[in-house]
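Trainee: Let's go through this one together. Start with the terms, please.

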Amino acid sequence: MVAILAVGAIVAYSQFRDNELPAGIPPRPAAIVVDPQIRPVSPDAPTPSSAGVRTAIAASIKAPELGEFTGQISDPRTGEVLWSKSPDKPRVPASNAKVLTGAAALIGLPHDKRLTTQVLSGPGGQLILKGAGDPTLSAQPKGSATFYTDPGRIADLAAQIKKSGTAVSSVAVDVSSFSGSSMNSNWERADIAGGDITPIESLIVDGGRTTDPLDEFSPRTAQPAKVAGKVLAEALDVDFDDAGTTAGADAKVVASVRSAPLQTRVEDMLRFSDNVLAETLAIELSVARGGPATLSAGAAAVKATLADAGFDVAGVTMDDSSGLSYDNRVSATILDTVMSAASAPESGSGGDSGVSAQTRTAIRPLLDGLPIAAGTGTLATRFDPSTNPGAGWARAKTGTLTGVSSLTGIVQTVDGRVLSYALISGGTSPADARPALDAVVGDLRECGCR
């Protein structure tokens with residue numbers, strides 16, 4: 001029966017195809033052709049005005065949910081500040097501190113730099129897994145999904161070891177690449193189980209996530225290096241030496257894997273507001289500058305690198321590099337200045353405030369790492385498309401601590417002009433403050449602001 005119907009359909013189609021269509025019936029429309037492309041923002045978009053911006057956001061910035069509110073909005077093309085409210089006041093930035101950490105890493109380190117985790121030979125058949133400060137190293141099986149982009153894998157190390165034919169008696173770990181305390185004194189130990197942080201050691205797998213390595217908010221481990229060593233030992237079916245060690249300078253390299261390039265790691269850090277990755281990137285920066293591999297030195301390196309690049313960091317206090325600490329102090333001015341510089345034209349002086357074209361180019365990848373409103377990362381569930389016109393058009397780094405909410409990024413207006421912004425709210429619940437911050441950015445999206 002099916003075959004008969006199919007033959008009949010073919011005959012009917014053949015007759016219809018061979019006969020001319022009756023008069024008055026329009027011809028068959030051409031097939032739809034998909035041609036995806038990236039279209040640059042027009043350099044001829046109308047220039048917004050300060051008065052236009054003030055008018056557009058006048059109602060939203062009065063929302064009581066914003067609490068103590070400071071901010072700055074700029075036009076990266078001209079460098080003009082279009083609106084501000086106490087922009088130089090130092091505030092607790094929460095994870096907007098990562099904007100500074102990401103910018104400093106992109107300025108001070110090669111964008112293609114990778115970290116190499118090695119397995120070295122030890123005494124009596126012992127193998128030593130030596131951390132290189134790469135928390136993206138994954139314990140996930142080969143071919144399976146990972147939280148971070150294109151990481152090295154313990155499974156690949158095990159495969160190399162087995163292929164080499166090396167006789168293995170046990171596995172130990174070497175965390176000597178980092179020194180000093182593994183936890184900032186202002187971090188809460190409860191945040192480890194809460195999924196916000198793991199002790200910052202030079203050997204960490206999957207950012208220290210334990211229950212579900214693919215879940216951004218998974219609880220973390222309090223002993224990341226030992227977890228990594230145990231994973232390798234299990235893969236090789238040998239004992240794990242719990243005591244730790246330091247590999248000799250002449251130890252033979254038995255296996256190694258590399259991280260994704262620096263630029264990719266910075267983008268992952270911004271997209272998911274990853275505290276562990278932020279702290280290790282800062283330490284990596286400190287070492288590159290000739291400093292120690294400590295948490296405090298990493299935070300200092302972020303500020304110093306930005307200052308060396310021409311940014312005014314007066315009033316900036318970096319107690320950590322992730323924004324977890326309430327002792328951080330950052331103004332809306334520096335956050336917006338960095339964002340404006342990243343999105344300014346490659347030539348000319350727009351938005352640079354004395355920052356070189358080379359620096360503007362170096363930090364441009366910040367824009368790729370920013371979450372998209374109602375689309376990706378920490379903005380995936382914000383900017384409701386049914387109520388906020390900024391959905392899909394805004395990109396921003398979020399920041400949230402108890403009583404602190406911040407948002408730094410860019411938005412394209414309906415006229416095709418890109419504006420940068422840094423908004424900081426304090427003293428109210430983030431559940432209330434975040435929609436209020438998003439509303440300000442939605443206003444900018446809708447406004448030609450002329």
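Mentor: Buried means under 20% relative accessible area, exposed means over 50%, and partly exposed is in between (1.4 Å probe, protein chains only). This is a predicted model, where local features need pLDDT of at least 70 and side-chain atom pairs count only at pLDDT 80 or more, while totals for chains, interfaces and linings use all residues. Residues are numbered from 1 along each chain as its sequence is written, and side-chain values use heavy atoms, leaving out hydrogens and water.

Trainee: OK. How many salt bridges does the structure hold?

Mentor: There are 11, counting a side-chain nitrogen of Lys or Arg within 4 Å of a carboxyl oxygen of Asp or Glu.

Trainee: What does Glu 68 form a salt bridge with?

Mentor: Its partner is Lys 89, and the closest N and O atoms are 2.4 Å apart. Glu 68 sits in strand β1 (residues 68–75) and Lys 89 in the loop between β2 (80–85) and α3 (97–108), so this pair ties together parts 21 residues apart in sequence. Helices (H or I, at least four residues) and strands (E, at least two) are DSSP runs, numbered from the N terminus.

Trainee: Is Glu 68 buried, exposed or partly exposed?

Mentor: Glu 68 is partly exposed, with a relative accessible area of 38%. Lys 89 is partly exposed too, at 39%.

Trainee: And Arg 382, which residue does that form a salt bridge with?

Mentor: With Asp 438, where the closest N and O atoms are 2.7 Å apart. Arg 382 lies in the loop between α12 and β8, and Asp 438 is in helix α13 (residues 430–446), so parts 56 residues apart in sequence are tied together.

Trainee: Are Arg 382 and Asp 438 buried or exposed?

Mentor: Both are buried.

Trainee: What about Arg 450, which side chain does it meet in a salt bridge?

Mentor: That of Asp 415, at 2.9 Å from N to O. Arg 450 is in the segment after α13 and Asp 415 in the loop between β9 and β10 (418–426), so the link spans 35 residues in sequence. Arg 450 is exposed, at 62% relative accessible area, whereas Asp 415 is partly exposed, at 22%.

Trainee: Which residues are linked in a network of salt bridges?

Mentor: Lys 113, Arg 265 and Glu 284.

Trainee: New topic. How many disulfides does a search of the whole structure find?

Mentor: It finds 1, taking a disulfide as a pair of cysteine sulfur atoms within 2.5 Å. Cys 447 is joined to Cys 449, with 1.2 Å from S to S.

Trainee: Why is the disulfide of Cys 447 and Cys 449 left-handed?

Mentor: Because the torsion about the S-S bond of Cys 447 and Cys 449 is about -70 degrees. Cys 447 is buried, with a relative accessible area of 8%, and Cys 449 counts as buried at 5%.
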